[in-house]
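Here is a short briefing on the structure shown below. Keep the sequence to hand while reading.

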Amino acid sequence: MIDINLIINDPDLILAKLANRGYALDVHLIKKLHDERKSLINAKESIAANKNKLNDKFRNAKTEDEKNLIKIESQELEKSILENKSLLEEKEQTLKNIVLEIPNIPSEETPVGIDESFNKIIKSSGSLKKSDVEHSSLLSKNGLLDFELGGSIAKTRFVVMKGQIAKLHRALITYMLNTHTEINNYIEYNVPYIVNKDSLIGTGQLPKFEEDLFKIENTELYLIPTAEVPLTNIYRNKIINESDLPLKLVAHTPCFRSEAGSYGKDTKGIIRQHQFEKIELVQIVKPEMADEALELITSHAENIMESLEIPYQRVLLSTGDLGFSSSKTNDIEAWFPSQNCYREISSCSSFTDFQSRRLNIKYKEMDSKKKSYVYTLNGSGLAVGRTMAALIENHTDGNIINIPSVLHNLTGFQTIKL
């Protein structure tokens, strides 16, 4: 969540920044609730002071009548304390519920615009191939990808892979994990695929995006939409030593998304599935290191694309296309010859202290006792299914899929004959 003091101290600036991303902030309501909360806190302190005075008075009382009168007065104060506590908790919860719905403040580098047409292309890599070879049609003929079987086992937007394609998919996972752990120095984690409500509130998926999640019936548990959630929550309510920063975490997990509101979009192939695999990169850093960390995460994802010889472009998202929790995002988009366009294959984002305030993650500065909120960042390194689809379309020659050389030792084959 954003720091409420920013709204109180400089409302016009925050109003303008949030308006750039299409969010209308009700400053008056927030200030009203903030002032009411402050009054209740002042009242609480005043009641506590009166309670202390009564305690002193009781100790100095000389007769039973005096003590009984003080007891009656004390009981009335206890009622006031309970009433104040109830009102304060209600006011704080109301304020928190409102603040949890406010998106992050865009960075100064984020282009201002109402939608994705205002995104800015930063760089491109590789030569663009033109082809009508579409990955799902190509592989469905011989059953290497079976969407009908996936639908009968689950429902539409699930797929069954087999044979060399299943092995290629597994090889990509291993290659990405090995690269990020052995070369880029991330620590690998194996994390739960089911998380609780607090974990999703902490990273910003709840309360706003509940319809996009798969919830387990009659529980407060959800299937993860991304490993960002369990990885970042490892440090919830923790104080990190400054000397231990930056923290670099990576995990491979399946991801589960209901894709609510995406009806009719990308229904062909494995671009938009309810279940897919992803390698997630997370960094936890000091605020002044966030820009460098975002560039590192982005370059780590791009290096995978280059080693797999998949053409791509880096795109800086505009305010109108920015994710709820993000302050700045670089999308990496792979070239899909069959669609004659680029499609997103990784999002690398800086969240400033938006998540760490929700999760209460701080670091302790070495030269003082001061504790400050860390900055969190993450990125896909990469989405495995989409990477495989782009690889197939860019490396198919006639009836042969040529496997990039960096995968040969992991696949055990250099081509797939169709």
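**Helix α10 and the overall picture**

Helix α10 (residues 290-307) has 18 residues and reaches 26 Å from its first C-alpha to its last, close to the 26 Å expected at 1.5 Å a residue. That expected span is 1.5 Å times one less than the number of residues. This is a predicted model, in which local features need pLDDT of at least 70 and side-chain atom pairs count only at pLDDT 80 or more, while totals for chains, interfaces and linings use all residues. Residues are numbered from 1 along each chain as its sequence is written, and side-chain values use heavy atoms, with hydrogens and water left out.

**The whole protein**

- The secondary structure comes to 13 helices and 18 strands. Helices (H or I, at least four residues) and strands (E, at least two) are DSSP runs, numbered from the N terminus.
- The C-alpha trace spans about 105 × 45 × 40 Å along its principal axes.
- Of the 418 residues, 49% count as buried. Buried means under 20% relative accessible area, exposed over 50%, and partly exposed in between, with a 1.4 Å probe and protein chains only.
- Take the contacts between residues at least 6 apart in sequence: 72% of them join residues at least 24 apart. Contact means heavy atoms within 4.5 Å.

- The buried residues of α10 are A290, A293, L294, I297, T298, S299, H300, A301, E302, I304, M305 and S307.
- E309 follows α10 and has a positive phi, near 55 degrees.
- The axes of helix α7 (residues 163-183) and α10 come within 11 Å and cross at roughly 130 degrees. Axes are lines fitted to C-alpha atoms, for helices over the stretch in contact, and angles run from 0 to 180 degrees between N-to-C directions.
- α7 and α10 are therefore oblique to each other. Angles under 35 degrees count as roughly parallel, over 145 as roughly antiparallel, 65 to 115 as roughly perpendicular, and the rest as oblique.
- The crossing of α7 and α10 is right-handed. A crossing is right-handed if the near helix is turned clockwise from the far one by less than a right angle, and left-handed if anticlockwise.
- On the α7 side, Y175, M176, T179 and H180 meet H300, I304 and S307 of α10.
- By class, this contact of α7 with α10 has three nonpolar, four polar and no charged residues. Ala, Val, Leu, Ile, Met, Phe, Trp, Tyr, Cys and Pro count as nonpolar, Asp, Glu, Lys and Arg as charged, and the others, Gly among them, as polar.

- The axes of α3 and helix α4 (residues 64-100) come within 9 Å and cross at roughly 160 degrees.
- α3 and α4 are therefore roughly antiparallel to each other, and their crossing is left-handed.
- The residues of the contact of α3 with α4 divide into 16 nonpolar, six polar and 11 charged.
- K57 sits in helix α3 (residues 27-60).
- Is K57 buried or partly exposed? K57 is partly exposed, because its relative accessible area is 47%.
- K57 and K67 are 10 residues apart along the chain, and their C-alpha atoms are separated by 8.6 Å.
- Leaving aside neighbours within four places in sequence, K57 is in contact with I70 and E73.

- V112 lies in the loop between α4 and β1 (120-125).
- V112 is exposed, because its relative accessible area is 52%.
- V112 and L317 are 205 residues apart in sequence, yet 9.1 Å apart in space, C-alpha to C-alpha.
- Not counting residues up to four places away in sequence, V112 touches N20, F118 and T319.

**Backbone points to check**

- Most residues other than glycine have a negative phi, and most peptide bonds are trans.
- A cis peptide bond joins L206 and P207, with omega about 5 degrees. P207 is in the loop between α8 (197-203) and β6 (221-223).
- The peptide bond from G381 to L382 is also cis, with omega near 20 degrees. L382 lies in strand β15 (residues 375-383).
- N340 is not a glycine, but has a positive phi of about 55 degrees. N340 is in the loop between β11 (328-336) and β12 (341-350). At 51% relative accessibility, N340 counts as exposed.
- T352, not a glycine either, has a positive phi of about 50 degrees. T352 is found in the loop between β12 and α11 (354-359). At 15% relative accessibility, T352 counts as buried.
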